[in-house]
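Please look through the sequence and the model below, and then follow the text from one part of the structure to the next.

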Amino acid sequence: MDSSSMDASPMDASLVHHLALDARMCDAVKGIRLLSLVSWPAAEQQRFISGWHRGKPSLPQIAYPKTDLSDVRDELESIIKACDRDHPLGEYLHRTASSYEVAADLITTLGTPAATDHSISLFGRPGDTLPGSDLSNIDAARHFIGLADDMDAGLASVEADYVLSAEVMQHELQIALDAFFVHHTVRVEIDPNLIAKAAAGATRVRLR
């Protein structure tokens, strides 16, 4: 070992410390898949939207999975306690790990009134103003819905030459991804309950 590696400055030591905490946090939260757990199945979503258009909206009865994230919370709490909040990285990790704690609490209370409180803590209430702006999150939602409606109108005016099935897309995408990702595998799966038409992660792509 040379002298340069032995004479680490306090900042260097703090950086190494927080990088290790960051790696622990990334490993701990792999099982926190909030959106996939809270999303309604596509059929229930369509049923709700159809009822809403008829003026008779009715909330579906969703059987949310029971998830034990006590080990994840213990690890996050340990990481939070080890953060130096006087260091920029420590403060960032503290806030990030704390938000994951709330997400874990939300997941474990799905289907109960407590989930609403955790959701508000994590995402805010409808009508809350956006950071650094006088606009609310509802203003932002209306803006993006307007953009989507404009795009839908444009796409509807163009007749598609052909339509590919999910199975054909799965096959073609898998071939393309296998050729591109030569060091690891990215799976292409069909998920009939997916709300979006497609969703991509680090190890898989899902198609509805």
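In this predicted model, α7 supplies the largest share of the lining of the second largest pocket, namely five residues. That pocket holds about 540 Å³ of space, and 18 residues line it, with V38, W40, Y64, L110 and T116 the closest to its centre. The elements that give two or more residues to this lining are α3 and α7. When the lining residues of the second largest pocket are sorted by class, 13 are nonpolar and five are polar, while none is charged.

About 690 Å³ of space lies in the largest pocket, and among the 25 residues that line it, R33, S36, A199, R204 and R206 lie nearest its centre. Two or more residues of this lining come from each of α3 (34-38), β2 (198-200) and β3 (204-207), and α3 gives the largest share, with four residues. By class, the lining of the largest pocket consists of 15 nonpolar, five polar and five charged residues.

A single residue is the next stop. T109 sits in the loop between α6 and α7, the latter spanning 113-123. Is T109 buried or exposed? Residues under 20% relative accessible area are called buried, and T109 counts as buried because its relative accessibility is 16%. The side chain of T109 reaches the backbone oxygen of D105 at a distance of 2.8 Å. If its neighbours within four places in sequence are left aside, T109 is in contact with A114, A115 and H118.

In soluble globular proteins, nonpolar side chains tend to be buried together. The largest nonpolar core of this model has 18 residues, and those with the most contacts inside it are M25, I32, L69, L76, I79 and A97. Two or more residues of this core come from each of α2 (10-28), α5 (70-82) and α6 (88-108), and α6 gives the most, with six residues.

How values were computed:
Residues numbered from 1 in each chain as written. Predicted model: local features only at pLDDT ≥ 70, side-chain atom pairs only at ≥ 80, totals over all residues. Heavy atoms only, no water. Core = buried A, V, L, I, M, F, W, Y, C linked by side-chain atoms within 4.5 Å. Buried < 20%, exposed > 50% of the residue type's maximum accessible area, 1.4 Å probe, protein only. Polar contact = N/O pair within 3.5 Å; in protein donor to acceptor, adjacent residues only side chain to side chain. Contact = heavy atoms within 4.5 Å. 1 Å grid on protein atoms, 1.4 Å probe; cavity = no way out; pocket = protein on both sides within 12 Å on 5 of 7 lines; lining within 4 Å. Points joined across faces, edges and corners; volume = space filled by probe spheres on them. Nonpolar A, V, L, I, M, F, W, Y, C, P; charged D, E, K, R; others polar.
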